[in-house]
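Subject: Structure handover

Hello,

The structure is below, followed by what was found in it. Please read the notes alongside the coordinates.

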Amino acid sequence: RARVKQKQWVEGLDSAKLATEMMVKARGKEEDEEVPRVISVLGQCHMNLGNLEEALRMHQKAERLRRVLFGEKHSEVAASLSNIADVLIQQNELPKALDKVKEALFI
């Protein structure tokens, strides 16, 4: 059962990677509203597979793109900060996670 679940996450990861590549190619840039959403899905897949460093990298990238697209005080940025905090908790980086949660709450 766990292997089936892991296989589903790997398949989701592959699909999300392909979707990101196709969107960037079709639109010619990463600064598109859908791109950070798919990158965030990549982060979730990596987190569920236990690839925490890659999950953190993906969520940080989604956060940067969302700040460019939506500005500093937007719910999409808060969602990214929350995702980053989730990964930091898994890495036992609790003070850093708390900082991200606080930042998200003030948006």
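H4 (75-90) and H5 (94-105) pack at an angle of about 165 degrees, with their axes 8 Å apart. Axes are lines fitted to C-alpha atoms, for helices over the stretch in contact, and angles run from 0 to 180 degrees between N-to-C directions. Helices are DSSP runs (H or I, at least four residues), numbered from the N terminus. The angle makes H4 roughly antiparallel to H5 (over 145 degrees). On the H4 side, the contact (heavy atoms within 4.5 Å) is made by Ala78, Leu81, Ile84, Ala85, Leu88 and Ile89. H5 contributes Leu94, Lys96, Ala97, Lys100, Val101, Glu103 and Ala104.

This is a predicted model: local features need pLDDT of at least 70, side-chain atom pairs count only at pLDDT 80 or more, and totals for chains, interfaces and linings use all residues. Residues are numbered from 1 along each chain as its sequence is written, and side-chain values use heavy atoms, with hydrogens and water left out.

The loop between H4 and H5 holds Asn92. Phi of Asn92 is near 65 degrees, a positive value in a residue other than glycine. Most residues other than glycine have a negative phi. Asn92 is exposed, with a relative accessible area of 58% (exposed is over 50%, buried under 20%, partly exposed in between; 1.4 Å probe, protein chains only).

The largest nonpolar core has eleven residues, including Leu13, Val38 and Met58. Such a core is a set of buried Ala, Val, Leu, Ile, Met, Phe, Trp, Tyr and Cys residues joined through side-chain atoms within 4.5 Å. H2 gives the most to this core, with five residues.

Regards

Notes: Helix = DSSP H or I, 4+ residues; strand = E, 2+ residues; numbered from the N terminus. Parallel < 35°, antiparallel > 145°, perpendicular 65-115°, else oblique.
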